[in-house]
Amino acid sequence: MRVAFQGERGANSEEAVFRVFGEQAEPVPCPDLVQTFDAVVSHRADGAVVPVENSQAGSINETYDLLLKHDLFIVGEYDLRVRHYLMAPPDMPLEQVTRAYSHPQALAQCDLFLRKHGIEPVVYGDTAGSAKMVSERRPAGAAAIAPRRAADIYGLQLLAEGIETNPNNYTRFLVLDPKPAPRAERSKTSIVFVVENKPGTLYQAIGAIATRGINVAKIESRPGRQRPWEYVFYLDVDGHVDDDAMRAALADLKHHTSMLRVLGSYPKAEPPVVA
């Protein structure tokens, strides 16, 4: 299966591809999230795995905007434990490293390690891309912070592992497909809707779900594209779209919204293990 992801080979998104689909998957690297979605729409890939939320940095807003723009279904989710590794060209000891290149979030998540070793953080496009750059250009005293797989791909040696400050660092990935997922025993449903900017409209919309005993796992708001100060609400709720309670909730929700769309019902991921 050809699976699109954002980033260079060796990125955390590629690791999520293999965790979801196995090592037999054919990863399709894309330079950004827009082209990741487009790869599925244009049939250059059979599906995609995209990040939607990090336990420390919060939501990836661009992913939410692209979910609304494209007619793709969420068919799965995966919580990836993010581990950061310091890697450098062969024969460079840790004592010679003066700069570390990586994505700004990765640098921030490894701040204690970098300060302890007197290493200057240098912002680069992404984690795996920084490993590729260090391998090809070999700047003096330079290392990269990236996933372990990147070291194997770009011929770098590991100088330190698990250098993130907080061990409970997870990124939630969504699995996208042109077709909806088959029904699962434990399901989650993602929906998006717009309500008029009037008193009580959001309360009534949420009430259509809450009064039927459906748990709201997450709610996210994003600015709408049609009118200034109009907001789009994304909800993750427990249950499947074909459950009786969910059917009734969605029917009621239509009366309180100007736009309503089900992004997908899919197997609910197991909760991450807290260190």
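Predicted model: local features only at pLDDT ≥ 70, side-chain atom pairs only at ≥ 80, totals over all residues.
Reader: How many cavities of 30 Å³ or more does a search of the whole structure find?

Author: The search finds 1. The word cavity is used because, on a 1 Å grid over the protein atoms alone, it is a set of points where a 1.4 Å probe fits but cannot get out. About 60 Å³ of space lies in the largest cavity, and a volume here is the space filled by probe spheres set on the points, with grid points joined across faces, edges and corners.

Reader: What makes a residue part of the lining, and which elements give two or more residues to the lining of the largest cavity?

Author: A lining residue has an atom within 4 Å of a point. Val52, Tyr64 and Arg172 are among those lining the largest cavity. Helix H3 (61-69) and strands E11 (170-177), E12 (187-194) and E14 (231-238) each give two or more residues to that lining; E14 has the largest share, 3 residues. Helices (H or I, at least four residues) and strands (E, at least two) are DSSP runs, numbered from the N terminus.

Reader: How do the residues of that lining divide into nonpolar, polar and charged?

Author: They come out as 9 nonpolar, 1 polar and 2 charged. Ala, Val, Leu, Ile, Met, Phe, Trp, Tyr, Cys and Pro count as nonpolar, Asp, Glu, Lys and Arg as charged, and the others, Gly among them, as polar. Ser190 is in the lining, and Ser falls among those others, so Ser counts as polar.

Reader: Why is a space called a pocket instead?

Author: A pocket is an open set, with protein on both sides within 12 Å along at least five of seven lines, so the word goes with being open. The largest pocket holds about 590 Å³ of space. Of its 26 lining residues, Gln6, Ser13, Pro51, His103 and Gln105 are the closest to its centre. Its lining has 8 nonpolar, 15 polar and 3 charged residues.

Reader: What about the second largest pocket?

Author: That one holds about 270 Å³. It has 14 lining residues, with Leu68, Gly224, Arg225, Gln226 and Val232 nearest its centre. H3 gives the largest share of this lining, 3 residues.

Notes. Residues numbered from 1 in each chain as written. Heavy atoms only, no water.
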